[in-house]
Amino acid sequence: MLFSRRSLLAASAATVAALAAGCSTTGVLSPSAGTGSDQTPASLALVNKLRADRGVPALVIDKAAQQAAMDQASRMASAGKMEHNIGFGANFAKRMKGMEVALPAAENIAAGQDNATDAFDAWYRSPKHLENMLGTRFRGLGVAVVSNPATGNRPYWAMVLSG
């Protein structure tokens, strides 16, 4: 079957548009699906108390980490699953670089917790997540939760720690 130049250009444009639609870097703190909220202040108090108890310097609110946390929580709520890598080209390193999060960076995720204290407790009980929260190479924090009616309103949590 032969294709005209016009049909090939149209097909190429459609492919590029579809790939671009899969990218999600937004400049605002709002979920792309469902209802979300920034939980950084409540979480920062919990994480900094833990860090102080262990002799580790306090973290500060990081706007890029807040945005990255909201983006990840929204991705999970939209998909209805808790995973770090959701969507085409959405691996952790690419997301952090694309959202200009200071490196090194780490991400803790959770699902089903009703509030920041419960999410913190889940991360605290996980050795790898606890290690992230106590990491001395991190300086900033962002935490968000998003629930989406289309996927059962389960709360999806994301914490991003930044360098």
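Visitor: Buried means under 20% relative accessible area, exposed over 50% and partly exposed in between (1.4 Å probe, protein chains only), so is R95 buried or exposed?
Guide: R95 is buried in this predicted model, with a relative accessible area of 4%.

Visitor: And what does R95 pair with?
Guide: R95 forms a salt bridge with E107 (a side-chain nitrogen of Lys or Arg within 4 Å of a carboxyl oxygen of Asp or Glu), and the closest N and O atoms are 3.0 Å apart. This pair links distant parts of the chain, since R95 lies in helix 4 (residues 92–98) and E107, twelve residues away, in strand 3 (residues 105–111); helices (H or I, at least four residues) and strands (E, at least two) are DSSP runs, numbered from the N terminus. E107 counts as buried too, at 5% relative accessibility.

Visitor: How many salt bridges are there?
Guide: The structure holds five salt bridges. One of them joins the side chains of R75 and D71 at 2.9 Å, N to O, and both residues lie in helix 3 (residues 63–79), four residues apart, or about one turn of the helix. R75 is buried at 13% relative accessible area, and D71 is buried at 5%.

Visitor: Which residue does K128 bridge to?
Guide: K128 bridges to E131, with the closest N and O atoms 3.7 Å apart. Both are in helix 6 (residues 127–133), and because they are three residues apart, about one helical turn separates them.

Visitor: Switching topic, what is the average pLDDT?
Guide: The chain averages a pLDDT (the predictor's confidence in each residue, from 0 to 100) of 82, and 79% of the residues score at least 70. Over residues 1–30, however, the pLDDT is below 50.

Definitions and conventions. Residues are numbered from 1 along each chain as its sequence is written. This is a predicted model: local features need pLDDT of at least 70, side-chain atom pairs count only at pLDDT 80 or more; totals for chains, interfaces and linings use all residues. Side-chain values use heavy atoms; hydrogens and water are left out. Contact means heavy atoms within 4.5 Å.
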